[in-house]
Amino acid sequence: VEGFIEFFDDVTERMRIEDEARRHRNRLAHIDRLHTLREMTSELAHEINQPLCAMLSTAQACLRMMRSGHGDPPVMIDAMQDIETQANHAAAIVKRVRHFAKRQEQRLAPVSLRRIVESALELLALESRSDGVTVRVEWPDETPETPDNTWIVADSLLIEQVVLNLCRNALEAMADGAAEAKQLTIRVEQSIDGRAELTVKDTGPGIHPADAERIFDSFYTTKSDGLGIGLPICRSIVEAHGGNLWIDPSPARGAVIRFSLPLHLEPISQ
């Protein structure tokens with residue numbers, strides 16, 4: 001080797017600019033999360049109020065049985081387990097909100113949409129019974145011999161909140177109906193285009209076509225005491241997971257709302 005030429009490129013300033021831009025993006029993302037959190041606060045207060053009310057009513061029923069001297073131990077144990085389940089769910093909601101506000105990423109992991117629905121229905125059992133609603137669950141592709149085919153990659157608590165919100169909307173829609181006509185149907189399956197799909201159907205008065213066009217707009221509500229942010233938040237959560245949420249435009253009776261999410265295609269050990 002008779003000689004060589006060496007070039008130097010000082011990238012210090014470029015790295016500083018890129019680092020500052022990255023920090024700025026993180027700050028903007030955090031501000032956006034806090035803005036979303038502010039919009040979610042009232043709806044989350046409603047969500048937390050549901051398990052608290054269930055816990056209170058169950059505890060009051062237990063106290064009445066104990067004071068009357070008719071407290072049956074098996075019944076009391078079941079009631080205490082219901083209270084424990086509702087308390088754990090309320091705690092999970094609070095914990096999730098704290099994670100959301102602390103710049104932490106969504107906890108995405110493979111999870112079965114059917115198992116999320118089963119968990120949500122356990123929390124809704126007391127409400128549906130007290131409202132006189134018959135809950136029907138359909139797993140059209142599942143038999144004891146076939147595996148669960150609705151695995152997704154998601155933050156399971158957020159998707160469970162979507163399921164709870166849609167089901168509670170259905171329960172509220174049927175509140176004034178005749179007891180024998182109140183039926184909530186939940187269907188979980190693979191859609192025609194190969195995605196995991198959930199359908200929530202009720203036998204309430206249905207959704208007026210004029211409302212259907214605006215029902216996902218923030219702060220638009222058809223409820224006298226509604227805030228109009230529940231469904232927009234549900235759609236935002238589903239879309240953040242790469243999915244879609246929509247209303248069936250022409251159900252034969254009541255209202256039908258669906259959402260679909262991408263399937264997790266990797267093998268799952270069950």
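**Close-up views of a predicted model**

**View 1. Surroundings of S128 in the predicted model.** Leaving aside residues up to four places away in sequence, S128 is in contact with V133, V135 and L171. S128 belongs to helix α3, which covers residues 113-130. The relative accessibility of S128 is 7%, so S128 counts as buried, the limit being under 20%.

**View 2. The five-stranded sheet.** The strands of this open sheet follow the order β2-β4-β5-β7-β6, and their pairing is mixed. The edges are taken by β2 (134-138) and β6 (244-247); each has a single partner strand, so one side of each has no neighbour in the sheet. On average, neighbouring strands are turned by 15° against each other, direction ignored. Helix α3 packs on the sheet and touches β2, β4 (183-190), β5 and β7. The direction of α3 makes about 170° with that of β4.

View 3. Strands of a sheet pair through backbone hydrogen bonds, in either a parallel or an antiparallel manner. Here β2 and β4 run parallel and are joined by five bridges. In this pair, T134 stands opposite Q183 of β4. Between β4 and β5 there are six bridges, and these two strands run antiparallel. The bridge partner of I186 is V200 in β5. Five residues lie between the strands in the hairpin of β4 and β5, where G194 has a positive phi near 80°.

**View 4. Pairing of β5 with β7.** Strand β5 (residues 196-201) and strand β7 (residues 256-261) run antiparallel, with six bridges joining them. One of the residues involved is L198, whose bridge partner in β7 is F259.

**View 5. Helix α4 against the sheet.** Helix α4 lies across β4, β5, β6 and β7, and runs at about 170° to β7. Most of α4 is covered, with 14 of its 18 residues buried. The helix comprises residues 156-173; at 1.5 Å a residue it should span 26 Å, and its end C-alpha atoms are 26 Å apart, which agrees. Within these limits lies C167, which has a relative accessible area of 0% and is therefore buried.

View 6. A disulfide is a covalent bond between the sulfur atoms of two cysteines. With a cut-off of 2.5 Å between cysteine sulfur atoms, the count of disulfides is zero. C62 has a relative accessible area of 3% and is therefore buried. D72 is located in the loop between α1 (12-68) and α2 (73-101). With 37% relative accessibility, D72 counts as partly exposed. C62 and D72 are ten residues apart along the chain, and their C-alpha atoms are separated by 9.6 Å.

**View 7. The protein chain as context for the close-ups.** The secondary structure consists of six helices and seven strands. Starting at the N terminus, the elements run α-α-β-α-β-β-α-β-β-α-α-β-β. Among the 270 residues of the protein chain, 37% count as buried. The accessible surface is about 16500 Å², and carbon and sulfur atoms make up 55% of that surface. Of the contacts with a separation of 6 or more, 73% are between residues 24 or more positions apart.

Definitions and conventions:
Residues are numbered from 1 along each chain as its sequence is written. This is a predicted model: local features need pLDDT of at least 70, side-chain atom pairs count only at pLDDT 80 or more; totals for chains, interfaces and linings use all residues. Side-chain values use heavy atoms; hydrogens and water are left out. Helices (H or I, at least four residues) and strands (E, at least two) are DSSP runs, numbered from the N terminus. Buried means under 20% relative accessible area, exposed over 50%, partly exposed in between (1.4 Å probe, protein chains only). Contact means heavy atoms within 4.5 Å. The expected span of a helix is 1.5 Å times one less than its number of residues. Accessible areas come from the Shrake-Rupley method with a 1.4 Å probe; for residues, only the protein chains shown count as cover. Two strands pair if DSSP finds at least two bridges between them. Axes are lines fitted to C-alpha atoms, for helices over the stretch in contact, and angles run from 0 to 180 degrees between N-to-C directions.
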